Each structure stands twice: as structure tokens, then as C-alpha cells.
Amino acid sequence: TLVEPAFFYLHSKCIQNGRIQSVGNTQKAYCEDLYEWWMWLSELKKEWDHVGNKDIIDYRNVLQNEFSPHTHRRYRSSTIRRRLSTILDYYRWAFNLGLIKDNLDLREIRRIPQNRDRRVLAHLDIGPATKSVSTILPKQTEEELIDPFNARDLKAVLHILGAIPPTEAGPHADTRPVRDRLIAELQVTTGMRIDEVLSLTVYQILGLPTNIRDPYELTKLKIDITKGLTPRIVLIPGWVRKALLWYIDNERKPAVEARTHTTARRSIKTDALFVNGLSANHRDVGNRLRPRAYMRVFSHAVRTAGLVHQELHRDPATGTDRLATVVNHTSHDLRHTFAVQTYRSRKSKGDAEPWKVLQVLLGHKQLSTTIDIYLRAVNIDEAKISDNLQAFFRKVHRG
């Protein structure tokens with residue numbers, strides 16, 4: 001059944017503001033958040049416009065003690081925060097349009113106190129950093145802190161993903177495909193999200209300067225398809241750019257040509273940088289590689305590397321419990337690794353404002369987002385992350 005207020009909210013949020021209209025995962029998340037809320041309301045036999053904050057708090061409490069019917073894992077506090085934020089944002093929208101009498105979104109925008117962490121914030125000339133505060137939204141739990149790779153584990157996963165991308169034409173010792181490893185190395189050296197990496201076009205890479213001699217010299221690349229559709233600049237090392245050119249000529253080209261030789265319907269070449277290779281299903285060869293497909297490949301590599309742990313899973317439908325093997329890392333941890341390593345590298349070189357640099361490189365709208373995600377990670381367990389990324393890749397490419 002079409003729920004008109006929710007439909008018009010989604011139209012306003014995803015289409016009219018023009019910021020997230022092409023980011024399918026974000027759209028899907030909003031839809032699922034509202035769908036689950038309406039399912040909850042149907043259980044309570046309540047209309048959406050006859051609820052109060054107590055109902056939202058009750059919903060939060062249920063989620064905190066429930067297991068997901070899709071993953072059979074407990075809901076993460078970040079997932080619950082996202083769901084409740086969508087619901088509160090919806091009710092603010094409805095209040096502003098006069099559809100309800102009371103605004104249920106009581107979130108406040110507050111300044112981050114300067115004494116929050118004097119070591120980090122005392123010398124920053126950043127103006128008033130702010131964050132959203134709410135007694136309804138759950139706080140992040142300790143077990144949900146980011147988990148960047150250490151050099152040993154990252155090296156193991158990269159090796160499983162594929163061959164070291166060559167930087168020049170000609171035969172090389174490891175004849176395995178380089179695409180999957182190259183995607184991971186692009187993420188960990190630039191901090192791009194997997195959606196952003198797989199939205200790159202071949203023309204963006206071909207348009208980069210070709211006169212770079214130092215393999216670690218950074219080249220600016222503008223990306224337009226980001227989480228908030230706000231363009232930003234990422235920095236690509238020279239050796240990664242050369243490896244991308246090798247991939248374009250030696251792996252991508254045969255796959256794209258095989259695609260165009262099938263039927264007239266598929267005769268138009270894709271401009272996607274990363275495509276399904278010759279070993280893919282016949283109908284998929286040469287088509288754009290999708291994020292979900294790559295995340296499965298990456299998860300398999302992490303599992304093969306033995307980076308797993310046991311976790312309690314429960315089927316909400318049957319109440320059956322079991323211990324499941326879960327991977328320790330997702331491809332998003334490559335972005336986290338880039339962020340932590342970049343922070344520590346710049347800090348060691350005397351940069352008094354590494355947070356501002358990270359905010360720009362990661363594409364966060366608010367500085368508080370960057371600090372909230374990474375503050376504890378850079379201050380605890382110093383031995384967990386070894387060397388900065390440049391030193392790490394020097395070791396990798398020297399064998």
C-alpha cells in the first residue's frame with residue numbers, strides 16, 4: 001500500500017534537493033527505515049500521526065534487544081541511530097508542512113566543547129565544531145569502534161585478492177588478475193568509499209598527468225559521485241595511476257571488447273573504469289562491477305586470510321541460536337585504515353591540524369563527524385597500526 005506522506009518525504013529528500021538522487025544505497029536505507037517504522041506502528045495499531053516520543057523510545061528499546069531478520073545479528077547502535085534519525089527527520093518534515101501538531105525531532109545542534117580532548121582540539125583554528133545531540137539516539141558502543149587494518153593483515157588480504165598491479169606493459173610473474181587488489185589499493189591509498197571507486201570512469205584516469213616519475217608523488221583527481229554528491233579531490237599515488245593504466249590496457253580492454261561482440265543491444269561500450277572480467281558470467285562480462293559483488297569478493301579474501309571471529313546469531317522467526325563465523329573486516333575498513341594512517345603520518349610531521357585535512361580528504365560535511373569516528377582510534381592501541389601507508393607500500397612493492 002502506498003503511504004503518501006512517506007512517499008512525498010522520500011521524493012523531497014532524495015529527488016527535489018538534488019543531493020542524493022543517484023546514490024541508491026542511501027535511498028534504500030531511507031525506504032527501509034520508514035518501512036520498518038510503519039511495520040512497528042501496525043503492530044501497535046497506531047496511525048503514524050498519533051504517536052509521541054515515548055513510542056519512538058519504545059521502538060529504540062526493542063531494536064536494542066532484537067536480532068536482524070536479514071543478518072541474524074544484533075542491531076548495531078549505528079544502525080539504530082540511522083533508523084531513528086530517519087524517523088525523526090521525517091517527523092520534522094511533517095511538522096514543517098503542518099501535517100502534525102508537534103515536532104517529535106528534539107535533536108539539538110551543540111558546539112563541541114574545546115576541552116573535549118585538548119591534545120587534539122586546543123591548537124585548531126576551525127571555528128565552532130558542532131554535533132547533533134539527542135537523548136533518543138543510542139550512543140556508539142565500544143565494540144563498534146572502527147577497526148583499521150594492520151600492515152600484516154592488509155598484506156595478506158591484498159595477496160589473496162590478486163596479483164600486484166604492474167606499472168608497465170609486458171609479462172609479469174604473477175599472472176592472476178589485478179583488478180580486485182587494485183580496487184583495494186585504490187581505497188586504502190585515497191580513502192574513497194567502494195561506491196566512489198566503482199563510480200570512476202576510464203576517462204578520469206586517462207585524463208591524469210602522464211609525466212610523473214616519482215611513484216609516490218600524489219596526483220589530484222576530482223570525483224563527482226560521492227555520498228552527498230558534493231565533489232571533492234582525492235590524491236592518487238603515481239604507482240597506483242600507472243597500475244590503473246596497465247589494468248585499462250591489459251584486463252579492462254579485452255573484457256569490454258568481448259562485451260561489445262555479443263549482441264547489438266550491448267554494443268555500446270561502458271565508460272566504467274572497473275568492469276567484470278573475462279571469467280565472469282557470459283552476460284556480465286564487460287559490464288560495470290557492482291559494489292555488492294566486490295564486497296563479496298573482499299569478504300571471501302578476509303575469510304581466506306583467517307581474519308574471522310565467532311558471533312552469536314539468532315533467527316528472530318524461530319528463536320534458534322547458533323555461533324556463526326564472521327569476518328573481522330569489510331572493504332570500508334580500507335577507508336578507515338587510510339584515515340588513521342594519514343592522521344598519524346601528518347601528526348608525526350608536525351601538522352597541528354590533521355583533522356581538517358582528514359575532513360577534506362574523506363568528504364565529511366562536518367568536522368565533528370571526522371573527530372567522532374576516528375578520535376578514539378588514533379589515541380588507543382598505538383601498536384595495532386604500524387608504519388604509515390607510504391612506508392607500507394614501499395615494503396610491499398620491494399617484495
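Me: In this predicted model, a disulfide is a pair of cysteine sulfur atoms within 2.5 Å; how many disulfides does the structure hold?

Reply: The structure holds zero disulfides.

Me: What makes the sulfur of Cys 14 too far from the closest cysteine sulfur for a bond?

Reply: The closest cysteine sulfur belongs to Cys 31 and lies 6.3 Å from that of Cys 14, whereas a disulfide needs the two sulfur atoms within 2.5 Å, and therefore this pair is too far for a bond.

Me: Why does Ala 184 count as buried, and which residues is Ala 184 in contact with, leaving aside its neighbours within four places in sequence?

Reply: Ala 184, which has its place in helix α7, has a relative accessibility of 0%, and because the cut-off is under 20%, Ala 184 counts as buried. Leaving aside neighbours within four places in sequence, Ala 184 is in contact with Leu 158, Leu 161, Tyr 294, Phe 298 and Leu 334.

Me: Why are α6 and α11 called oblique to each other?

Reply: Helix α6 (residues 151-161) and helix α11 (residues 291-304) pack at an angle of about 120 degrees; roughly perpendicular ends at 115 degrees and roughly antiparallel begins over 145, so the pair is oblique. Among the residues that make the contact are Leu 161 of α6 and Tyr 294 and Phe 298 of α11, and by class the contact has eight nonpolar, one polar and no charged residues.

Notes. Residues numbered from 1 in each chain as written. Predicted model: local features only at pLDDT ≥ 70, side-chain atom pairs only at ≥ 80, totals over all residues. Heavy atoms only, no water. Helix = DSSP H or I, 4+ residues; strand = E, 2+ residues; numbered from the N terminus. Buried < 20%, exposed > 50% of the residue type's maximum accessible area, 1.4 Å probe, protein only. Contact = heavy atoms within 4.5 Å. Axes fitted to C-alpha atoms, helices over the stretch in contact; angles between N-to-C directions. Parallel < 35°, antiparallel > 145°, perpendicular 65-115°, else oblique. Nonpolar A, V, L, I, M, F, W, Y, C, P; charged D, E, K, R; others polar.
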